Amino acid sequence: MAIKPLSDRIVIKVIDDTEQTSGGIFIPDSAKEKPQKGEVVAVGPGKTLDDGKKEEMEVKVGDIVLFAKYSGTDIKLNDENLKILSVKDVLGILV
């Protein structure tokens with residue numbers, strides 16, 4: 001099963017940071033911060049502007065992006081943790 005985002009939304013595969021510190025200490029789930037990095041796996045067609053044209057999307061499939069901490073909607077699809085969010089919640093693309 002696949003998912004196709006609508007309008008100016010994107011689907012990202014959340015990238016969890018390591019669960020162990022450089023000193024070898026394991027971090028419990030309750031102490032972890034929410035991940036803010038992910039790989040774009042699907043991109044919507046873009047927002048429709050008032051004149052009927054589509055706004056071009058700034059991200060593409062395969063980009064690694066940083067996103068706002070509490071943005072988007074978490075979903076689980078095919079045993080993968082995904083997040084659907086608006087492209088305006090993307091803070092930047094890692095290069």
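A salt bridge here is a side-chain nitrogen of Lys or Arg within 4 Å of a carboxyl oxygen of Asp or Glu. Lysine 83 and aspartate 74 meet this rule, with their closest N and O atoms 2.8 Å apart. The model is predicted, so local features need pLDDT of at least 70 and side-chain atom pairs count only at pLDDT 80 or more, while totals for chains, interfaces and linings use all residues. Residues are numbered from 1 along each chain as its sequence is written, and side-chain values use heavy atoms, with hydrogens and water left out.

**Overall layout**

- The protein has 0 helices and 6 strands, where helices (H or I, at least four residues) and strands (E, at least two) are DSSP runs numbered from the N terminus.
- Along the sequence the order of elements reads β-β-β-β-β-β.
- Of the 95 residues, 24% count as buried; buried means under 20% relative accessible area, exposed means over 50%, and partly exposed lies in between (1.4 Å probe, protein chains only).
- Among contacts (heavy atoms within 4.5 Å) with a separation of 6 or more, 64% are between residues 24 or more positions apart.

**Salt bridges**

- The count of salt bridges comes to 3.
- Glutamate 80 and lysine 13 form one of them, at 3.3 Å from N to O. This pair links distant parts of the chain, with glutamate 80 in strand 5 and lysine 13 in strand 1, 67 residues apart.
- Glutamate 80 has a relative accessible area of 32% and is therefore partly exposed; lysine 13, at 35%, is also partly exposed.
- Aspartate 63 pairs with lysine 60, the closest N and O atoms lying 3.0 Å apart. Aspartate 63 is buried at 10% relative accessibility, whereas lysine 60 is exposed at 55%.
- In the pair of lysine 83 and aspartate 74, lysine 83 is buried with a relative accessible area of 4%, and aspartate 74 is partly exposed at 49%.

- Aspartate 8 sits in the segment before strand 1, which spans 9-14.
- Aspartate 8 is buried but has no salt bridge; the nearest side chain of opposite charge is that of arginine 9, 4.2 Å away.
- The side chains of aspartate 8 and serine 86 are joined by a polar contact of 3.2 Å. A polar contact is a pair of N or O atoms within 3.5 Å; within protein, one must be able to donate a hydrogen and the other to accept it, and residues adjacent in sequence count only if both atoms are side-chain atoms.
- Serine 86 belongs to strand 5, residues 80-86, and is buried with a relative accessible area of 11%.
- Beyond neighbours within four places in sequence, aspartate 8 is in contact with Gly46, Lys47, Met57, Leu85, Ser86 and Val87.
- With the same exclusion, the contacts of serine 86 are Asp8 and Arg9.

**Nonpolar core**

- The largest nonpolar core has 9 residues: Ile10, Ile12, Val40, Met57, Val59, Val65, Phe67, Leu85 and Val90. Strand 1 and strand 3 (64-67) are the elements that give two or more residues to this core.
- Such a core is a set of buried Ala, Val, Leu, Ile, Met, Phe, Trp, Tyr and Cys residues joined through side-chain atoms within 4.5 Å.
- In soluble globular proteins, nonpolar side chains tend to be buried together.
- Valine 65 touches Ile12, Gln36, Lys37, Gly38, Val40, Val59, Val90, Gly92 and Ile93, when residues up to four places away in sequence are not counted.

- Isoleucine 15 lies in the loop between strand 1 and strand 2 (37-43), and is partly exposed at 29% relative accessible area.
- Isoleucine 64 is in strand 3 and is partly exposed, with a relative accessible area of 26%.
- Isoleucine 64 and isoleucine 93 are 29 residues apart along the chain, and their C-alpha atoms are separated by 5.9 Å.
- Not counting residues up to four places away in sequence, isoleucine 64 touches Ile15, Lys37, Gly38, Glu39, Gly92, Ile93 and Leu94.

How values were computed. Lys and Arg count as positive and Asp and Glu as negative; His and the chain ends are not counted.
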